[in-house]
Amino acid sequence: MAEARCAVHEPSVPHVASEEEYQRNIYNEWRRSLVRRFYRTRNLLYNGMWPTSIWNLAAMVVILSAIMILDAEVMRPINDRLWKVHHMLYIPKGLPLVVNVVITSCFVGFWFFLIKIYVRRYLLRGLLSYRGWMYEQPKTQSISTILWGVLVKVVSGYSPKLYSCQSSLARMPVPALRDTLTKLLKSLEPLYGDDKEKWNKLKKDAEDFEKGYGPKLQRILKLKSWWCNNYVTDWWEKYVYLSSRDPLPINSNYYILDQEHWTPSPIQTARISSTVYNVLKFKQLRDRETLEPLLIRQTIPVCMAQYERMFSTTRIPGEECDTLLTYDSTVSKHIAVWRRGVLYKLEVFDKKGRLLTPTLIQKQLEWIIQDADKHTDSYSREEKILACLTGQERVKWWRIRDQHFSRGVNRETMDMIEKAMFCLTLETEKYETMTQRGLYLLCDNDGKLWYDKCFNLVSFPDGRMGCNSEHSYADAPIIAHLLEYNFTAEALEECGFLKDGSLPPNPEDSNYVLSKPTRHIWEVTPDLRTAIIEAEKVCKMNSDDLDLCLRELTIYGKGFMKTCKVSPDAFIQMALQVTYYKNAGKFALTYESSMTRLYLQGRTETVRTLSNDSAAFVKAFLDKSVPKSTTIDLLRKACDRHQDAYRDAMCGRAIDRHLFGLYVVSKGMGYDCEFLKEALTIPWTLSTSQQPQQQIATSPNCSLPQYRHALCPGGGFGPVSDDGYGVSYMIPGDHKVFFHVSSKKSTKNTDSTVFMDQLFETFVEMKELFSQV
């Protein structure tokens, strides 16, 4: 098909430049290279000096120079020492006094400055190791925590760049072995407490592990924590994400939607052009490290390492383990665009290295739409859905890629995709409901998304958009931050859309020299065609089996939950516990994701929601004979325990990453530890996650009436367990909550719609619980 299509259509041959244009291009590339080197060098120096700055060095030199020249009586001891250093420097004789003073001051000032850098850096690292602030409410902080906050502010440098705080972050500690085992048993007691034989065996296995393999594995893990930036993150990425052989859609990738009831423009190309422009501006901020690092309570920095791979990254399939490939900005200057299964390379910088304006990006996308609509009939169906190959089992995709994409035109097209900053799909069909768009973005899209790519933006004909993101290189808050940057610009009307949704003309557009988008092709052999058809069947079977339901709770939001004197997140988690018990008639091991980015290279940790306290609340809540006051007390007790568990997870004091690290060490040493294997393979029947919101300080207050129309419902993921549920939720303000519930249709005892109905029923009942108190 590829050869036949080239024979009947005009081939895309690059324009042959004249000698003058060729020299101009060389000059522009040289100039851009200098600019990139300048920013990199500047950022390297800035980050290397932080939390001090070059002005501290200048001030030190001026002060020392003044001491040497003025020769004040009170400063005589210091002055004498400075002149002794001067005589040790072998400075040529005959130089003016001022020159001698400046040379000596620069030498001594530099060493004082170097000492100051490390003293402040390690002092800040020590201060940031304190976690007492997390267990106190901002309005009722102790004096010691307030003083600690003041010290952090004083020791910290001003205006940190994106990665400035990295060297001052503490390393994640390894929890005590006994603490982890004790917490593990407590978390499993509601599941196995009634089965005395199994419960006693589990306790005995824990005791034997603590006396046997445990201490040795613990010592090795602690040793690793001393010389590695993070004792578990590299193993987590490799063995949990990259070593998984399951298909990426549903099992790993996740999706994010745009605003629920509003879109800034109904024009497809206008909306997505503005979005692409904002995404690329975000990338420029990241590349130049002028993107503000995230701070908790405007004081405590979090690790920003995951931002390094959020663009131009592709997950490459392997036989036993995948790898992540990230290209530098000098190589990655384009995006890959799909329209009706036809693939294009779109350069987003002009020939002078300037980022295209939104109107120019729209012009390029409109050209792609016209060209794709004209040529789509010349493509076979297998070529149009070739991206299905990325949605099947990883080993199969590795074999196919090695056999059919290692050379020739397929290798060239693959290189283009892998070097792209991200992928964009221009969809032709509308999807009216959130559930329909969520299904499309997660898995049900007929091979229109390249699941290996860092993220895929999708543009729908009515101006709506969404995103599918690969999970191994970064967690959801990173891409959520990127999209929030765009949604904030749209909500604050910074994108400049006119009343009809079009983009206003830009008079500067005429100064740009554009590169025409190039159409890329695949060479589909009979064997490859068969592989594509098989991959399509796998993707179709998996997507047909997914049961997804999206809905918004409008009867109340976190405003009411706070009046109940509990954490909104804990309130929702208790509602999920009640709902699952209604749905299944039993308790389930529950996973809630928490971040550990307070530590260097931290990613996530597990909060185990199910506990004796939550189980007691659920039973009391469903027993109408129990007084409301008693049920409320049990709810608050369970919520307090859950909130402490969440804080423990953020502070590196939870148990699951610790157990995982111990298990990896045991496998590396050749130990067959059944206790660890059993502890880590108990299924997470209920997997939950609260989605981040308002990570940007300038984001509008979601609770204000003028912004409620522009709320983003967040995103979702597939169920972790085949016989369980995946639940994600977004709390955008005081008045509503968005829920995403997923399950498998092939499992008889799960139904996402029924679960959602029962969940909303539970929220009504929990409100009634407080109505007469």
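# Reading a predicted fold

Reader: Leaving aside neighbours within four places in sequence, which residues is Trp83 in contact with?

Author: Contact means heavy atoms within 4.5 Å. By that rule, and with neighbours within four places in sequence left aside, Trp83 touches Met68, Leu97 and Val101. This is a predicted model: local features need pLDDT of at least 70, side-chain atom pairs count only at pLDDT 80 or more, and totals for chains, interfaces and linings use all residues. Residues are numbered from 1 along each chain as its sequence is written, and side-chain values use heavy atoms, with hydrogens and water left out.

Reader: Where does Trp83 lie?

Author: Helices (H or I, at least four residues) and strands (E, at least two) are DSSP runs, numbered from the N terminus. Trp83 lies in helix H4, residues 76–88.

Reader: Is Trp83 buried, exposed or partly exposed?

Author: Buried means under 20% relative accessible area, exposed over 50%, partly exposed in between (1.4 Å probe, protein chains only). Trp83 has 23%, so Trp83 is partly exposed. Across the protein, 55% of the 773 residues count as buried.

Reader: How many helices and strands does the protein have?

Author: There are 25 helices and 18 strands.

Reader: How does the radius of gyration agree with a compact globule?

Author: The radius is taken over C-alpha atoms, and the globule rule is 2.2 Å times the number of residues to the power 0.38. For 773 residues the rule gives a value near 28 Å; the protein has 29 Å, which agrees. Along the principal axes, the C-alpha atoms fill a box of roughly 95 × 75 × 60 Å.

Reader: What share of the contacts joins residues at least 24 apart?

Author: Take contacts between residues at least 6 apart in sequence; 79% of them join residues at least 24 apart. The C-alpha atoms of Pro175 and Arg653 are separated by 5.8 Å, yet the two residues are 478 apart along the chain. Pro175 sits in the loop between helix H6 (143–155) and helix H7 (177–192). Its relative accessible area is 11%, so Pro175 is buried. Beyond four places in sequence, the contacts of Pro175 include Thr180, Gln218, Tyr231 and His658.

Reader: Which residues does Thr596 touch, not counting those up to four places away in sequence?

Author: Met172, Gly602, Arg603, Thr604, Glu605, Ala649 and Met650. Thr596 is in the loop between strand S13 (590–595) and strand S14 (604–608). With 2% relative accessibility, Thr596 counts as buried.

Reader: How many aromatic pairs are there?

Author: Rings of Phe, Tyr and Trp (its six-membered ring) pair if their centres lie within 6.5 Å; planes under 30 degrees apart count as stacked, over 60 as edge-to-face and the rest as tilted. The count comes to 33 aromatic pairs. One of them is Tyr580 with Tyr725: edge-to-face, 6.5 Å centre to centre, 80 degrees between the planes. This pair links distant parts of the chain, helix H20 (residues 568–584) for Tyr580 and strand S17 (residues 725–730) for Tyr725, 145 residues apart. Tyr580, at 5% relative accessibility, is buried. Tyr725 is buried too, at 1%.

Reader: What about Phe739 and Phe763?

Author: Their pair is tilted, with 5.5 Å centre to centre and 45 degrees between the planes. Phe739 lies in strand S18 (residues 737–744) and Phe763 in helix H25 (residues 752–771), so the pair ties together parts 24 residues apart in sequence. Both Phe739 and Phe763 are buried. Ring pairs also link them into a cluster with Tyr556, Phe560, Phe571, Tyr729, Phe760 and Phe770.

Reader: Which residues does a cis peptide bond join?

Author: Trp50 and Pro51, with omega about 15 degrees. Pro51 is in the loop between helix H2 (19–49) and helix H3 (54–70).
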